[in-house]
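Here is a briefing on helices and their packing. Look over the sequence and the structure first, then read on.

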Amino acid sequence: MVLLIKTRRRLLFPVAATALLLSFFGFSVQATAAEASASTNLNHPWRPDFSGSWEKDFQRSDRWENELTRQISLIRQPRSQPTMQRPTANIPLGGPSRRDSSIIDLARLAELISRQNVIDITQTENEVFIAREGDAALICGTRENSMQSFSSPYGTEVCGWERQQLVFRITLPEEVQILHRFSLSPDREWLNHLTTVSRQGSVPFNLIQVYRRFDMPGDGYNCTQTLTRGRVCSTESKLDAE
Amino acid sequence: MLSKTLPLLLALVLAGCNSFSRSTPKPTVPLEPPIPAVGNVSLHTATQLPAEHELLEIGIVVFDLPAQLAGQTRPGESLYREIAEKEAQYLPYVLRNTLVESNQWGPVRVLPEADPSVDLNLAGTILSSTGLTLELQVKVTDSTGRLWLDKTYRDVTTDQDYPGRDPFLRSFASEEELADNLITDTDPFADIYRQIANDLLAMRNTMEPAELENVSLVSQMLYAAELSEATFGRTLERGEDGLLRVTSLLARDDPMLQRVETIKLRHHLFIDTVDEYYESLYQQMQPSYALWRRYSRDEAIEDKTQEQRTSSRADPESGSFLALSQSYNRYKWAKLFEQEFMALAAGFNNEVAPAILELNRRVHGLSGTLEEQYRQWREILRQIFELESGDQVSR
């Protein structure tokens, strides 16, 4: 939780902005109808059930160019104008000779890592597994409030639960931070995915992608992964197999 | 499919991203400082059957796992813990085969628990197990309580320890070729088992024939005392050296002793059957476990070389989009590699699951795991003995 608290302090603006945007889209941080479908095991902390197939709603999702333009215009506003407590000092806007990461580079990175049109989430009593096409899955336990979910010389990942939100914080070398924050709409038909990218304490770039639940058509096969024979499938249903 | 994609993925990462690494949550417990590896070891085999008093019966208890494994909560760690639990039943059988091959001992069996009817009980803990290194803590005591061995062993494999072709090429091989290359009688860590067998033999060679005979006598009376403490408990006494010895011997034709021998025979039939179940598990696990260890070795070697690659990397201008995206891609590939490895681990567990299920199902009329069935059987035999002898068996 300490890590998440630090994250919250550093990202005061994005969190506030996200809360506003979430409420706009009908997302709520209060306990909602989504709770009804979640695990009721009293031995485990309550977690919302993110499982399902999700496809991007381009109408509701941010366009990174528009978001970049908006953020640049906010940065260029005079300090006297209230801008939701946003820090405005020392913001590099980019240029061929710059040494610091610019908001443009952060925006491009945010776009790069949130390109997935489809997200497939499976959730068990112990784990939530977010499969994203073209990228590594995001995996987090459901029993602990926070945990280190990946570690390598190329970056570390911490995941955890903040009320009804599932959060992944990735730290890359040179203090590049990527935050993924997932939340569900009250009716569980919409998935909100906020990606926040920052570097060395710079103003973060936020990108919100909204996904709509859809039914992935089944292929009729019951498959099991094996080591020596690869993926072994049969047309037998799981109930038959049992 | 995964077995084919992993080497390809590895090659892509090596070629495209300079380097990658992962910190796979494997069941490893580093030892400081590392103990020396056993090296190349030749097994001391007997060309002639040893004298009867030297043919001690050995029970190898299913290995323990380090306590650290129990508290792991990181995603994916349960997969590696599951593999470790399977290894705990598989590796004892490799050691059992080595001891049998040495031709120096009486019956050698793998058992779910320490058994009072055998002369030597061998307990082991898997401290670390990857395809590259294996570390075992081994403790052997005889029925008198004498410590024969309490030692940590470490073995490191080389590429030659793994039969078959390069894993990348092997991914294109047919199933028949795979079977030919992978199923072998020689375990990659054969040296560690040979060393344990040789150390046991060395200990036996230091003992007098009378001491070895006493071990057999004590184990006989220990088993009898388990059946009826009231009758046989007083035949044993702990000496000043802390070791058990037999104080009074019953006549060979004593009816009580004959009943004990009859029950013991049934018990040995049961533990022979249990041993066969472990053999069956060993046979079924061997092909997939060989492949798993090969991948595990590749992964462990990759871990070792990651730091060199990191230090030799030339990055583009710090903070630029190119630098940021390359940094993210390195992270992404490292994570993808770990997830592929996790998928292989899951595949291994799926493949071996039916064999484990079978192991626990095969003793008809008894229920629970094999460990529970073993306890039930011992209790049944004790009750049979009580009925037959009309003895007041103390609980």
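Which residues of α10(B) are buried? They are L370(B), Q373(B), Y374(B), R378(B) and F385(B). Buried means that 20 or more other C-beta atoms lie within 10 Å of the residue's own, exposed means 12 or fewer, and partly exposed is in between, with C-beta atoms placed from the backbone. Seen down the axis of α10(B), these buried residues fall within an arc of 140°, so they line one face of the helix. The arc is taken over the directions from the helix axis to the C-beta atoms.

This is a predicted model: local features need pLDDT of at least 70, side-chain atom pairs count only at pLDDT 80 or more, and totals for chains, interfaces and linings use all residues. Residues are numbered from 1 along each chain as its sequence is written, and chains are lettered from A and ligands numbered from 1 in the order in which they are written.

**Helix α10 of chain B**
- α10(B) covers residues 370-389, 20 residues in total.
- Its first and last C-alpha atoms are 28 Å apart, close to the 28 Å expected at 1.5 Å a residue. The expected span is 1.5 Å times one less than the number of residues.
- Exposed residues E379(B), Q383(B) and L387(B) sit on the face of α10(B) turned away from its buried side.

**Chain A overall**
- Chain A has 5 helices and 12 strands. These are DSSP runs numbered from the N terminus: helices are H or I with at least four residues, strands are E with at least two.
- Of its 242 residues, 36% count as buried.
- Among contacts in chain A between residues at least 6 apart in sequence, 51% join residues at least 24 apart. A contact requires C-beta atoms, placed from the backbone, within 7 Å.

**Helix α3 of chain A**
- W64(A), L68(A) and Q71(A) are buried in α3(A). They cover an arc of only 70° around the axis, which puts them on the same side of α3(A).
- The other side of α3(A) holds exposed residues, including E65(A), R70(A) and R76(A).
- The buried residues of α3(A) pack against α4 (103-113) and β10 (205-214) of chain A.

**α3 against α4**
- The axes of α3(A) and α4(A) come within 10 Å and cross at roughly 155°. Axes are lines fitted to C-alpha atoms, for helices over the stretch in contact, and angles run from 0 to 180 degrees between N-to-C directions.
- α3(A) and α4(A) are therefore roughly antiparallel to each other, a label for angles over 145 degrees.
- Among the residues making this contact are I72(A) of α3(A) and A107(A) of α4(A).

How values were computed. Contact = placed C-beta atoms within 7 Å. Parallel < 35°, antiparallel > 145°, perpendicular 65-115°, else oblique.
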